[in-house]
Amino acid sequence: MRLRHVQGAKELIHTNKELIIDDIDHTPINIKDYFTNDNEIHIEIGMGKGQFVHTLAKQNKDINYIGIEKFDSVIVRALEKQLEDKQDNLLLLRCDAMFLPKLFEQLIVHRVYLNFSDPWPKDRHAKRRLTHKNFLNIYKELLAKDGELHFKTDNIDLYEFSLESLKEYPMDIGYHTYDLHNTDFKGNIMTEFEEKFSKLGNKINKLTATFKE
Ligand SMILES: C[S@@+](CC[C@H](N)C(=O)[O-])C[C@H]1O[C@@H](n2cnc3c(N)ncnc32)[C@H](O)[C@@H]1O
């Protein structure tokens, strides 16, 4: 995602502390300070401007969502959506996913979504891919036993890398398609990148996976 400085982003984030957490020094988060029920928690990592997770939160009031994004210039767009159309079951978190173990010592989530994650095409950057085994270690700690990882991308190289990385971990692949928009999959929610790249004719790959015992 091309980044530019967004005027006032930090200020808007810091004046809406009940809607968004800004991880500055990796202080642990007590999720009960934000969600007052015991509903399942689903998270999206690298949510960008938040269209996907905001729509999910609106559709599924019995699930709590955390939308995670590392750049304030991007997450501020998700915050604007919340300010316009507030979903009580959605919390935004500005942090790098690598710090999730420090932020959430006790948290159990039932689903992790990764949508159109940065592909990092150079081999020397493979560790930055959100489906690299170092990140899978983090998701394993967070996910409940039957919890699922859901991953979508139009980038075939990242998709093939991810399939291999997950199988080797080892994870079980459940659903898997190279062309989501030409299947009978119901209820797909489009992300900003999905809208952009499917309009260009790119096929959308999707998989779901669970950790083996
Ligand atoms: C290509 S964009 C996709 C955005 C959105 N998911 C979509 O499909 O429209 C990937 C996003 O992931 C974020 N990201 C990448 N690595 C991250 C990390 N380690 N922790 C949190 N966010 C990350 C980037 O800042 C970027 O906004």
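Reply: Two bits of housekeeping first. This is a predicted model, so to speak a computed picture: local features need pLDDT of at least 70, side-chain atom pairs count only at pLDDT 80 or more, and totals for chains, interfaces and linings use all residues. Residues are numbered from 1 along each chain as its sequence is written.

Now for the strand. Helices (H or I, at least four residues) and strands (E, at least two) are DSSP runs, numbered from the N terminus. S3 is mostly covered, with six of its six residues buried. A residue counts as buried if 20 or more other C-beta atoms lie within 10 Å of its own, as exposed if 12 or fewer do, and as partly exposed in between; the C-beta atoms are placed from the backbone. In a regular strand, side chains alternate between the two faces of the sheet. Here Asn64, Ile66 and Ile68 point one way from S3, while Tyr65, Gly67 and Glu69 point the other way, and all are buried.

Next, the neighbours. S3 pairs with strand S2 (residues 41–45) in the parallel sense over five bridges; two strands pair if DSSP finds at least two bridges between them. Zoom out and you get an open sheet of eight strands with mixed pairing, in the order S1-S4-S3-S2-S5-S6-S8-S7. At its edges stand strand S1 (20–22) and S7, and each has a single partner strand, so one side of each has no neighbour in the sheet. From one strand to the next, the twist averages 20°.

Back to Ile68, which is worth a click. Leaving out residues up to four places away in sequence, Ile68 touches Ile43, Glu44, Ile45, Met47, Leu93, Cys95 and Ala97. Touching, or contact, means that the C-beta atoms, placed from the backbone, lie within 7 Å. Ile68 and Val112 also have the most contacts inside the largest nonpolar core, which has 41 residues. Helix H3 (residues 72–84) brings the largest share of this core, five residues. A nonpolar core is a set of buried Ala, Val, Leu, Ile, Met, Phe, Trp, Tyr and Cys residues joined through C-beta atoms within 7 Å.

To finish, compare two loop residues. Ser117 lies in the loop between S5 and H5, and Ser117 is buried because 21 other C-beta atoms lie within 10 Å. Its contacts include Gly46, Arg129 and Thr153. Asn182, in the loop between strand S7 (171–177) and H7, is exposed because it has 10 other C-beta atoms within 10 Å.

Terms used:
Two residues are in contact if their C-beta atoms, placed from the backbone, lie within 7 Å. Axes are lines fitted to C-alpha atoms, for helices over the stretch in contact, and angles run from 0 to 180 degrees between N-to-C directions.
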